[in-house]
Amino acid sequence: MRSRTRIHPAPVRRAVLAVAAAGSVLATPLTPAFAAPPAPAPDLRADVNRDGRVDVKGGTDTAGEDTWTVGRGAVTLPNLDDDTRRCPVTGPDGGPLSDAKLAACKDASDTKVNGTADAADLARVRSVPMPGVPADAKGSVRVTAGARHTHVFVKRSGAWVLVTSATRLTAAELRSGVEFGVEATDVIRDRAQWDGRTVIRLSVTSGGRTTSDSVTLRVAPLLTHHHLQNTQQVMVTKVRGAGEYGRLQREFVSGLAKEVRAAGITRPLVTFEKYGDPWAQDFVEPAYISMTGPGGKRHVMRVLLRSAQLDREAGRELFEKVRGRDVGVVQVTDRTRPDDWSLNSMGNLETVPPYAHGGRSYPAGRIIMGWRKDSGEKPSPAMRTLLRSQGLQDPLLLDTSWLGVGHVDEFVQFLPAATPRGWRIGVADPLAGLRLLRDAQRDGHGDTRMFSVPGLAGLPAPKETIDQALAARHFVADNTMAAERIAANLEILKRETGVTDAEIVRVPALYTREAETRAADGTEVPLPRLTRLGGSPLADTFQDHGQQKWLAPDGDRATGRARAAVTTSAYVPGAVNGVLLGRDRYLAPRQWGPVIGGKDIFTEAVGTAYRRAGLKVSYIDDWYTYHLGMGEVHCGTNTLRDASASWWAAPRG
């Protein structure tokens, strides 16, 4: 029902007139001959059906204009980008701005429309022309809900002018119809504080009478990407410095660029260079917001979601280098200090592709995050509140207690598939990894070196054999434990999504607790770690790599809570921790497994698993650059994906 209201003047004083003759009655101000004409009724409309235009002639945008659902209702964008790059990245003295000041500037932080690109970010609202409106008519606009988070502009003489409480629309404007532009000033941070809705009311006053009409808009949800969206660009850190680590890492970047081009991605790499944090997956999660623009084409704004680790300087480069036209950044400020710093890395956030199951629908996919069930530690409450408040991708928590780093990308992924559902789940399979070693041992290859990776000056290659690995204390038990934990998480995913065993891709993997299986001649010798959790970043071996800036501060691992007795990381480079470059192109970390009969048995088994899933696999060496740091290719990269599809379309079951 349309929300029109009328406010009538005080009643006219009744007049009593004499009857003239033959029963005739003289006309009075209360008779039809003297009845005042009805006040003109405004009709305010928005793009309720999301076709990219505001219908002021028909009725396609009238039904449901005062409500909002996932499938229908007008959408406005939070104007987070910096179309003209007017936002400063340094202070007046040339020094760095604070994190808060970096985040405060965006196109919505002023009350201007900064050019045509900024105008494209405005949702349009129109008034239906009122050709018969009297000359004394005046119009006014008021935001009756969501005013603290909304700017409304009116288009006058080709320019956008901010609507204020003093703004009045003339009779001429009302007769021809008025165009408004609407922007939200932020995403929904906490729907208990603001649910994203904005209600705009147009009131018209004439002859002492006022009538009004309202429309409801909701800010577009901030959504994370899923793997059914094609990769458009790849992000990576390019570490500076002349040391060995810097050289190897730049070789990785060069090799990555070649793989990206081979996958048909034409846009160049986005490289982070200022802060030396090699974990490009961890300090940012690429996301997007969108609405339908002119001609029905989706108008998309990329939004880079900075991790809640504000002591991780690399997130500043998102503002300093990447923010610009149609690219914004969202920063979460969490007043609580997390017990586990690593859980707030964005490698601990992945997205299940769209699905519907059990009476619930996730047309834009659903977020998964890891938590430590053994201790109760969870990712940032402020980040989880923000993600949940979008209303579409309600985060699902998986248990990562058994992992040292604790990220979901260490054991699970989602792969496109030519199936009714459209995707499969890929999981690490430690039991398959154990079978590979046992089969090799059974066939007489137990004395084959476990790893074929060459050594470096100052860092000899590991020399343990298959026999030694299998005989190492806790190795089999820890991989059995990892398999059990993965199976338990898989049961959660199956229950929530409806995925069946036939839709699961099992990829051979092996895990190890720190310092217990990298032995030579039976001696347990820890390999130095370029760790994501703090500690020594190969500092004794690789010089001038500038890693200290991104290390977690001392004490971040410490907690008074009970933690898992055993935590592990990938022993053989984790194949599921790779990058999906195309719907049929997958980039995995080079396995460097045992070579038997001229072939790396892990490379062969991993390739077979992915080929059965319809993917062509290529490999890139990340042993010294990422693997020894308890991460892999996925941890060191990130992807910007195509978000042109509507986020409200019904998913396949």
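Which residue in S24 does Gly 426 stand opposite? Gly 426 stands opposite Val 505.

Before going on, some conventions. This is a predicted model, where local features need pLDDT of at least 70 and side-chain atom pairs count only at pLDDT 80 or more, while totals for chains, interfaces and linings use all residues. Residues are numbered from 1 along each chain as its sequence is written, and side-chain values use heavy atoms, with hydrogens and water left out.

On confidence: pLDDT is the predictor's confidence in each residue, from 0 to 100. The protein chain averages 88, and 85% of the residues score at least 70. Two stretches need a caution. Over residues 1–33 pLDDT stays under 50, and the model has 38 contacts beyond four places in sequence for them; contact here means heavy atoms within 4.5 Å. Residues 515–562 also stay under 50, with 139 such contacts.

Now the sheet. Helices (H or I, at least four residues) and strands (E, at least two) are DSSP runs, numbered from the N terminus. Two strands pair if DSSP finds at least two bridges between them. Here 3 strands form an open sheet, in the order S22-S23-S24, with mixed pairing. The edge strands, each pairing on one side only, are S22 (412–416) and S24 (504–508). From one strand to the next the twist averages 30 degrees; angles run from 0 to 180 degrees between N-to-C directions, and axes are lines fitted to C-alpha atoms, for helices over the stretch in contact. Strand S23, residues 423–429, runs parallel to S24 and is joined to S24 by 5 bridges.

Helix H7 (residues 430–442) packs on this sheet and touches S23 and S24, its direction making about 50 degrees with that of S23. Helix H10, residues 601–612, lies across S22 and S24 and runs at about 170 degrees to S24.

H7 also packs against H9, at an angle of about 145 degrees and with the axes 8 Å apart. Among the residues in that contact are Leu 431, Leu 434 and Leu 437 of H7, and Phe 475, Val 476 and Ile 486 of H9. By class the contact has 9 nonpolar, 2 polar and 1 charged residues. Ala, Val, Leu, Ile, Met, Phe, Trp, Tyr, Cys and Pro count as nonpolar, Asp, Glu, Lys and Arg as charged, and the others, Gly among them, as polar.

Next, salt bridges. The criterion is a side-chain nitrogen of Lys or Arg within 4 Å of a carboxyl oxygen of Asp or Glu. By this rule the count comes to 28.

H9 comes back here. Arg 366 forms a salt bridge with Glu 496, the closest N and O atoms being 2.8 Å apart. Arg 366 lies in strand S20 (residues 366–371) and Glu 496 in helix H9 (residues 475–497), so the pair ties together parts 130 residues apart in sequence. Both Arg 366 and Glu 496 are buried; buried means under 20% relative accessible area, exposed over 50%, and partly exposed in between (1.4 Å probe, protein chains only).

Then there is Arg 86 with Asp 107, where the closest N and O atoms are 3.8 Å apart.

Last, a network of salt bridges links Asp 99, Lys 274, Arg 306, Arg 316 and Glu 320.
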